[in-house]
Amino acid sequence: MKKILILNDELGTQMQIYLALCDAYKVEIAEDLESVMYYLRKMRPEIFLLDHNLEQFKNNGKTSLDLVRKVRKKYQDLFIYSAFYLFIILRTDIQKIRLK
């Protein structure tokens with residue numbers, strides 16, 4: 001079963017995404033930047049699904065975009081997607097983030 005890590009801080013959204021995906025994927029939910037790194041090491045997901053509002057996750061002056069760059073460098077095979085709220089409804093609307 002493929003594994004998905006989700007970064008989201010809103011409980012309602014977390015549960016909606018989890019319920020939409022849990023039948024087909026093993027899903028873990030990270031609520032902050034520290035737990036993202038923990039779950040990446042622990043579960044080695046194939047997909048990292050980000051909240052559409054990256055700016056809400058800040059830590060010591062670093063944004064979640066800094067985290068994405070770090071993750072991309074360390075886990076090059078990981079697919080990173082930004083989920084829009086429409087995804088919750090349609091279960092298919094995902095936009096890939098491309099960072100270089």
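These are my notebook entries on a predicted model of one protein chain.

**Conventions**

I worked on a predicted model, in which local features need pLDDT of at least 70 and side-chain atom pairs count only at pLDDT 80 or more, while totals for chains, interfaces and linings use all residues. Residues are numbered from 1 along each chain as its sequence is written, and side-chain values use heavy atoms, with hydrogens and water left out.

**Entry 1: overall layout**

I looked up the elements and found four helices and seven strands in the chain. Helices (H or I, at least four residues) and strands (E, at least two) are DSSP runs, numbered from the N terminus. Read from that end, their order is β-α-β-α-β-β-β-α-β-α-β. I then took the burial figure: 43% of the 100 residues are buried. Here buried means under 20% relative accessible area, exposed over 50%, and partly exposed in between, with a 1.4 Å probe and protein chains only. For contacts (heavy atoms within 4.5 Å), I took the pairs at least 6 apart in sequence; 61% of these join residues at least 24 apart.

**Entry 2: strands E1, E2 and E3**

I followed the pairing of E1, counting two strands as paired if DSSP finds at least two bridges between them. Strand E1 (residues 3-7) runs parallel to E2, with five bridges between the two. E1 also runs parallel to E3, joined by four bridges. Ile6 shows both pairings: Ile29 stands opposite in E2, and Leu49 stands opposite in E3.

I checked the connection as well. E1, helix H1 (residues 11-21) and E2 form a right-handed β-α-β unit. Right-handed means that, with the strands pointing away from the viewer, the path from the first strand over the helix to the second runs clockwise.

Next I looked at the faces of E3. Ile47 and Leu49 are buried on one side, and Phe48 and Leu50 are buried on the other, so both faces are covered. In a regular strand the side chains alternate between the two faces of the sheet.

**Entry 3: Glu28**

Which salt bridges does a search of the whole structure find? There is one, and Glu28 forms it with Lys26. The closest N and O atoms are 3.2 Å apart; the criterion is a side-chain nitrogen of Lys or Arg within 4 Å of a carboxyl oxygen of Asp or Glu. Side chains of opposite charge can pair when their charged atoms come close.

Lys26 counts as partly exposed because its relative accessibility is 39%. Glu28 counts as buried because its value is 18%.

Where is Glu28? Glu28 is in strand E2 (residues 26-30). Four of the five residues of E2 are buried, so this strand is largely enclosed by the rest of the structure. Leaving aside neighbours within four places in sequence, Glu28 is in contact with Ile4, Leu5, Ile6, Tyr39 and Met43.

**Entry 4: nonpolar cores**

I listed the nonpolar cores, each a set of buried Ala, Val, Leu, Ile, Met, Phe, Trp, Tyr and Cys residues joined through side-chain atoms within 4.5 Å. The largest has 17 residues, and those with the most contacts inside it are Leu5, Leu7, Val36, Leu40, Phe48, Leu67 and Val71. Two or more residues of this core come from each of E1, helix H2 (33-43), strand E3 (47-50) and helix H3 (64-74). H2 gives the largest share, six residues. Another core, of eight residues, lies apart from it and includes Ile17, Leu21, Val27 and Leu49.

I looked at Phe48 separately. Not counting residues up to four places away in sequence, Phe48 touches Leu5, Leu7, Val36, Leu67, Val71, Leu78, Phe79, Ile80 and Tyr81. One of these, Ile80, is found in strand E6 (residues 79-83). Ile80 counts as buried because its relative accessibility is 1%. Ile80 and Glu46 are 34 residues apart in sequence, with 8.8 Å between their C-alpha atoms.

**Entry 5: helix H2 and its ends**

Which residues of H2 are buried? They are Leu33, Ser35, Val36, Met37, Tyr39, Leu40 and Met43. H2 is followed by Arg44, which has a positive phi, near 50°.

Asp32 lies in the loop between E2 and H2. Asp32 counts as partly exposed because its relative accessibility is 33%. From Asp32 to Leu7 the C-alpha distance is 7.0 Å, with a sequence separation of 25 residues.
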